[in-house]
Amino acid sequence: MRAQFVLSEIWIGLRRNLTMTVAVIITVAISLALFGGGLLIMQQVSQMRGYWDSRVSLTVFMCTKNAPSAACEENGEATKEQRADVESTLKSLPEVADVTYVTQAEAFKDFQERFSNQEAMSDAVREGDIPDNFRVQLENPDQYDKVAEQVKGAPGVESVSDDQQVLEKFFGLLDGLKWGALTVSFIQLGAAALLIGNTIRLSAYSRRRETGIMRLVGASNFYIQLPFLLEGAIAGLIGGVIASGFIVSARFFLLDKVEDWFAFPVALSTGSLLYVIGVSLILGVLLCTVASFLTLRRYLRV
């Protein structure tokens, strides 16, 4: 009987304040969608950083006949002895984990494979345009400067490139998007909390006669407040479910395209997606329940 009464009170409250309840659900859904989007980007960035941290390398490009640098124009194409000296220097450094020599043919083939989905770029480059090089795997990507100084300007060396410098710009863009989405979501969540408080306050005021009768017959504070708390929790849950739909869409229609755009396997796992959805649902329910509880303590004197 008590459960039936509580359920009937919840239905009455939701029906009486239908417009406000819909507004709460929409606001919560948008807020949680933005919050979940920020978490998805955070998960994606973390996964991509983990993928690339073990693959970031320093590349030492050797001089070729057509190299445009002044050093190569002056000294000509790198000799076997110069290549051997550069390789020996790199392998002797404690900061270096591994050194791999890549011929011009291998460098061209690797380029074609990496940009196979971009015909304009792959067709514009011919074999021999990309110089042979040494790919240096570092013990710690932050040790780039120390290693680069040992080979920069060495005979036969055209230039030294650091993959991390390019990646940091990309990760910086993603970090900006992440924090932007999270900032907007927290502002929206604050607005949702205020809207929930007003909705519960109106619901409590419209049912002040019923709550007065319940007080007179000895109902406990928790029993009187329970329908209002559950109204907020239900609104938060529905908003979280709607937000989950947006999060799943973002995962499959946006973030999954990363593999196609950048040609490396870093798509978010199902576990990461479920984690974001779970956090969003729990946050939605907690936000609405806590906002309802604080409002009831102030405006529902029992």
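Mentor: With strand pairing. This model is predicted. S1 and S3 form an antiparallel pair over five bridges.

Trainee: Which residue in S3 is the bridge partner of phenylalanine 61?

Mentor: Asparagine 133.

Trainee: How many bridges join S2 and S3?

Mentor: Six, again in the antiparallel sense. In this pairing, valine 99 stands opposite valine 136 of S3.

Trainee: How should I picture the side chains along a strand?

Mentor: In a regular strand, side chains alternate between the two faces of the sheet. Now take the core. The largest nonpolar core has 21 residues. Val136 is among those touching the most other members, along with Leu58, Val60, Val86, Leu90 and Val160.

Trainee: Which elements give two or more residues to this core?

Mentor: Strands S1 (57–62), S2 (96–102), S3 (133–138) and S4 (157–162), plus helices H4 (80–91) and H7 (144–151). H7 supplies the largest share, four residues.

Trainee: What does valine 86 touch, leaving out residues up to four places away in sequence?

Mentor: Val60, Met62, Phe134, Val151, Pro155 and Val157. There is also a second, separate core of 17 residues, including Val24, Ala192, Ile196 and Leu296.

Trainee: And the surface? Which residues make the nonpolar patch of about 390 Å²?

Mentor: Leu230, Ile234, Ile238, Ile242 and Phe246. Isoleucine 242 lies in helix H10 (residues 221–255).

Definitions and conventions
Residues numbered from 1 in each chain as written. Predicted model: local features only at pLDDT ≥ 70, side-chain atom pairs only at ≥ 80, totals over all residues. Heavy atoms only, no water. Patch = residues over 30% accessible without salt bridge, like charges linked within 9 Å, V, L, I, M, F, W, Y side chains within 5 Å. Areas by Shrake-Rupley, 256 points an atom, 1.4 Å probe, with all protein chains shown as cover. Salt bridge = Lys/Arg side-chain N within 4 Å of Asp/Glu carboxyl O. Core = buried A, V, L, I, M, F, W, Y, C linked by side-chain atoms within 4.5 Å. Buried < 20%, exposed > 50% of the residue type's maximum accessible area, 1.4 Å probe, protein only. Contact = heavy atoms within 4.5 Å. Pairing = 2+ DSSP bridges.
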